[in-house]
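This report describes one protein chain for a reader who has its sequence and model at hand. Please look at the model before reading on.

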Amino acid sequence: NALIHTGRGVVDIVVGPEMTATLDERPIHPVYSTFWLAYHAEVAARRAIEPFFEPGENAVGVSVHIDHEAMAAVGSSVRITATVNEVKGRYIGCTIEAVVLPSGTRIATGTQGQVVLADAVLKEKVRQAIRE
């Protein structure tokens, strides 16, 4: 789909206590964790491409890279935006940016990649994984 180059996905969240940096159920820092930021980047990237799927298509994430540049406290409003910046065959790459609202202070940048597959191919790969 040629229009996929216009894809943009947004996730707006309020940082909750469950999103803070934790290791083995032990609180490390009372701020937005890189783990949750990466999760929200994945969701934003999926939102950027999913509207452009043809019938019978799906996608799987193949990469995520996040540079967590600044902190966001519990209660902060954060917007994570994924913008399609690369389409090569079945591969779709997005740039990621996360900012605190309303200030617009950037807290992270990165990239996320997905590969588009036919639903049937993806379902077979899932079946193979379950059997292993």
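## Aromatic cluster and overall fold

Phe 35, Trp 36 and Tyr 39 form one aromatic cluster. The model is predicted, so local features need pLDDT of at least 70 and side-chain atom pairs count only at pLDDT 80 or more, while totals for chains, interfaces and linings use all residues. Residues are numbered from 1 along each chain as its sequence is written, and side-chain values use heavy atoms, with hydrogens and water left out.

The structure holds two aromatic pairs. Rings of Phe, Tyr and Trp (its six-membered ring) pair if their centres lie within 6.5 Å; planes under 30 degrees apart count as stacked, over 60 as edge-to-face and the rest as tilted. A pair of aromatic rings is described by the distance of the centres and the angle of the planes. The table gives both values for each pair.

| Pair | Centre to centre | Angle between planes | Class |
|---|---|---|---|
| Phe 35 and Trp 36 | 6.0 Å | 90° | edge-to-face |
| Trp 36 and Tyr 39 | 5.7 Å | 85° | edge-to-face |

Trp 36 and Tyr 39 both belong to helix 1 (residues 34–49), where they are three residues apart, about one turn of the helix. Phe 35 is exposed, at 62%. Trp 36 is partly exposed, with 24%, and Tyr 39 is partly exposed, with 44%.

The chain as a whole contains two helices and seven strands. Helices (H or I, at least four residues) and strands (E, at least two) are DSSP runs, numbered from the N terminus. In order from the N terminus, the elements are β-β-β-α-β-β-β-β-α. The C-alpha trace spans about 45 × 35 × 20 Å along its principal axes.

Of the 132 residues of the chain, 39% count as buried. Among contacts (heavy atoms within 4.5 Å) with a separation of 6 or more, 65% join residues 24 or more positions apart. The chain exposes about 7700 Å², of which carbon and sulfur atoms supply 56%; accessible areas come from the Shrake-Rupley method with a 1.4 Å probe, and for residues only the protein chains shown count as cover.

Conventions. Buried < 20%, exposed > 50% of the residue type's maximum accessible area, 1.4 Å probe, protein only.
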